[in-house]
Amino acid sequence: DAGNNNTFVATLNAATAFSVTSMTDEDDAHDPVITVDNGIVTVTGAVAGIAASATDVLSFTIADDGGMAIGGNQTQGNNKTVVFTLQGGSLEFNGASAQAIAGAILSDAGNDGTLTLSGAGKKTFAGVIGGAGTHELGTLTVAADAEGEFNGTLDVVTVSYLGTLQIDGAS
């Protein structure tokens with residue numbers, strides 16, 4: 001924490017493994033933000049929001065030249081929410097079996113970003129996907145081998161699906 005700015009920068013190659021287990025649950029001003037820029041981060045396991053003693057948000061910001069692929073579930077703990085904000089970037093849930101996604105996935109106000117579902121098994125979303133106005137996701141793509149179920153709000157500009165798509169929440 002040089003300079004007291006709470007910034008951690010890591011340059012990773014394909015062989016580097018890392019995990020973030022906890023940053024802070026002090027207050028809104030100290031909520032952790034992980035930015036993916038200029039490359040793809042692949043998570044073969046789960047992305048988990050660990051329980052916090054106070055309301056806390058774990059935020060992932062995915063820039064227009066960045067991407068993230070997640071092979072496991074995305075969970076939230078007590079007092080901990082997880083939010084992915086696509087700034088034109090891409091987010092893929094590609095597990096080989098069913099996946100549960102609890103957090104919100106939003107656009108940064110550009111009606112952009114791509115959410116892709118691939119891999120066998122149903123991908124079930126409980127949270128808000130896309131937002132009102134200019135916060136809609138640009139594209140939702142469901143590959144032929146995938147199935148998506150949306151139980152919360154779904155706001156997306158373009159939907160392309162070869163697989164199965166079930167929308168139970170408002171859209």
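The legends below describe close-up views of a predicted model.

**View 1. An open sheet of parallel strands.**
The sheet holds 4 strands in the order E1-E4-E7-E10, and their pairing is parallel. Strand E1 (33-36) and strand E10 (104-107) are the edge strands, each pairing on one side only. On average, neighbouring strands of this sheet are turned by 20 degrees against each other, direction ignored. Strand E4 (residues 56-63) and strand E7 (residues 80-87) run parallel and are joined by 8 bridges. Opposite Leu-58 stands Val-82 in E7.

**View 2. The stacked ring pair of Phe-60 and Phe-84.**
The structure holds 3 aromatic pairs. In the pair shown here, the ring centres of Phe-60 and Phe-84 are 5.0 Å apart and the planes lie at 15 degrees, so the pair is stacked; planes under 30 degrees apart count as stacked. Phe-60 belongs to strand E4 and Phe-84 to strand E7, so that the pair links distant parts of the chain, 24 residues apart. Phe-60 and Phe-84 are both buried.

**View 3. The ring cluster of Phe-93, Phe-125 and Phe-150.**
The rings of Phe-93 and Phe-125 have centres 5.6 Å apart and planes at 85 degrees, so the pair is edge-to-face. This pair also links distant parts of the chain: Phe-93 is in strand E8 and Phe-125 in strand E12, 32 residues apart. Phe-93 has 0% relative accessibility and therefore counts as buried. Phe-125, at 1% relative accessibility, counts as buried as well. Ring pairs join Phe-93 and Phe-125 with Phe-150 into a cluster.

**View 4**
Strand E12 (residues 122-125) runs parallel to strand E14 (residues 147-150), and 4 bridges join them. E14 pairs in turn with strand E16 (residues 164-167), in the parallel sense and over 4 bridges. Here the bridge partner of Glu-149 is Gln-166 in E16.

**View 4. The largest nonpolar core, with Leu-115 among its residues.**
This core has 27 residues, and those with the most contacts inside it are Leu-91, Ile-105 and Leu-115. The elements that give two or more residues to the core are E1, E4, strand E5 (66-70), E7, strand E8 (90-93), strand E11 (114-117) and strand E13 (137-142). Setting aside neighbours within four places in sequence, the contacts of Leu-115 include Leu-91 and Ile-105.

Gln-99 lies in strand E9 (residues 99-101). With 2% relative accessibility, Gln-99 counts as buried, because buried means under 20% relative accessible area. The Gln-99 side chain reaches the backbone oxygen of Ile-70 at 3.1 Å. Leaving aside neighbours within four places in sequence, Gln-99 is in contact with Ile-70, Gly-71, Gly-72 and Asn-73, with Phe-93 and Asn-94, and with Lys-122, Lys-123 and Thr-124.

Technical notes:
Residues are numbered from 1 along each chain as its sequence is written. This is a predicted model: local features need pLDDT of at least 70, side-chain atom pairs count only at pLDDT 80 or more; totals for chains, interfaces and linings use all residues. Side-chain values use heavy atoms; hydrogens and water are left out. Two strands pair if DSSP finds at least two bridges between them. Axes are lines fitted to C-alpha atoms, for helices over the stretch in contact, and angles run from 0 to 180 degrees between N-to-C directions. A nonpolar core is a set of buried Ala, Val, Leu, Ile, Met, Phe, Trp, Tyr and Cys residues joined through side-chain atoms within 4.5 Å. Buried means under 20% relative accessible area, exposed over 50%, partly exposed in between (1.4 Å probe, protein chains only). Contact means heavy atoms within 4.5 Å. Rings of Phe, Tyr and Trp (its six-membered ring) pair if their centres lie within 6.5 Å; planes under 30 degrees apart count as stacked, over 60 as edge-to-face and the rest as tilted. A polar contact is a pair of N or O atoms within 3.5 Å; within protein, one must be able to donate a hydrogen and the other to accept it, and residues adjacent in sequence count only if both atoms are side-chain atoms.
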